[in-house]
Amino acid sequence: MTASPCRSPDAADRRASTAPPALELSGVSLWRWDAEVQRERFLLRDVDWTVQAGEQWAVLGSNGAGKSTLISIAAASAHPSSGSAAVLGERLGSVDVRQLRERIGLVEPRTARAISGRLSATEVVLTGTTGSIALQRRRVGEAERIRAAELLDRFGCGALATRSFDSCSQGERQRLLLARALMLRPPLLLLDEPTTGLDLPGREALLAAVASITDEEPEAATVTVTHHVEELPPTTTHALLLRDGVVVAAGPADAVIESAALSTCFGTSVRVDRLDGRWLARAERADRADR
Ligand SMILES: Nc1ncnc2c1ncn2[C@@H]1O[C@H](COP(=O)(O)OP(=O)(O)OP(=O)(O)O)[C@@H](O)[C@H]1O
Ligand SMILES: [Mg+2]
């Protein structure tokens, strides 16, 4: 894959967009009762976050930082305990979330585990027509079949069309799930650790596929969750850093994906470099960190 430089939508792009923000979180906290200590435990605390149409966000943070919890609110599958959250202009708590979810593309580890391995690759992609785990055949027509075939080709899975999901490699399955999530051209695409377990060519192929979404759907907003900046598509425009459920930094990618902010986010001294539009991070040796 040839990495292209990070592209921020310019002022003209923004003026052209009349879409509401893809995500608008204000003062969002989410807590669960912790029986062991007999008090609430905060998974997210006072999160303000706006994702505009056409922006490509990265969400970074350590294990347990709250990334997947944040994605579950963005996917309209969890509600804030306090604060307000609007997804695609619809305020959670006053909208039919089943309809809203049909407008959200979601790739998360649970989906791969839930889908029947007996479905063919084409059928897996077609389940994206309804965003359901099972294939609802009566909702699938010729237009959906054509779209699924196009997506299989686009993500290099054309030869897999009749293969069972079970028999596909992990990288192939991830690409199928990405194709599935794009079936309805969702204005919001959420990717929770999409490259986990992929080898280098598999990771690069998936990132190229994610980067290509901006060409086909320039108004679509994407959010990619990862632990590793190397796994970010070069089209990333913005980033949000989480630590212990709190936003450490959020804003344009160039300003946020840098050494000081990532060091705070991960609680260790990190050095970030840029190469051909991609990011590279490594822990700094303690004896060099202060220089
Ligand atoms: N239903 C729940 N009840 C109590 N605690 C929970 C619940 N769901 C998640 N947590 C806790 O909330 C914290 C944040 O979890 P979350 O899955 O959002 O983290 P994450 O940043 O996605 O981590 P990872 O990188 O490991 O996927 C974790 O400490 C987790 O154990
Ligand atoms: Mg997670």
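Trainee: How far apart do the C-alpha centres of domain 1 and domain 2 lie?

Mentor: This is a predicted model, and the domain assignment of its chain gives domain 1 as 1–6 + 19–103 + 186–291 and domain 2 as 110–185. Between the C-alpha centres of these two domains the separation is 25 Å.

Trainee: Which helix gives the most to the side of domain 1 that touches domain 2?

Mentor: The contact takes 13 residues from domain 1 and 13 residues from domain 2. On the domain 1 side, four residues come from the element that gives the most, spanning residues 200–216: helix α8.

Trainee: How do the residues on that side of domain 1 divide into nonpolar, polar and charged?

Mentor: The residues in question are those of domain 1 that touch domain 2. They divide into four charged, two polar and seven nonpolar.

Trainee: Why is the chain described as being as compact as a globular protein of its length?

Mentor: The chain holds 11 helices and 12 strands. For 291 residues the globule rule gives 19 Å, and the chain is as compact as a globular protein of that length because its radius of gyration is close to that value, at 19 Å.

Trainee: What percentage of the contacts between residues at least 6 apart in sequence join residues at least 24 apart?

Mentor: A contact here requires C-beta atoms within 7 Å. Among contacts in the chain between residues at least 6 apart, the share that joins residues at least 24 apart is 66%.

Trainee: What percentage of the residues in the chain is buried?

Mentor: A buried residue has 20 or more other C-beta atoms within 10 Å of its own. Of the 291 residues in the chain, the buried ones make up 42%.

Notes
Residues are numbered from 1 along each chain as its sequence is written. Chains are lettered from A and ligands numbered from 1 in the order in which they are written. This is a predicted model: local features need pLDDT of at least 70, side-chain atom pairs count only at pLDDT 80 or more; totals for chains, interfaces and linings use all residues. Helices (H or I, at least four residues) and strands (E, at least two) are DSSP runs, numbered from the N terminus. The radius of gyration is taken over C-alpha atoms; the globule rule is 2.2 Å times the number of residues to the power 0.38. A residue is buried if 20 or more other C-beta atoms lie within 10 Å of its own, exposed if 12 or fewer, and partly exposed in between; C-beta atoms are placed from the backbone. Two residues are in contact if their C-beta atoms, placed from the backbone, lie within 7 Å. Domain bounds come from an automatic or database domain assignment. Ala, Val, Leu, Ile, Met, Phe, Trp, Tyr, Cys and Pro count as nonpolar, Asp, Glu, Lys and Arg as charged, and the others, Gly among them, as polar.
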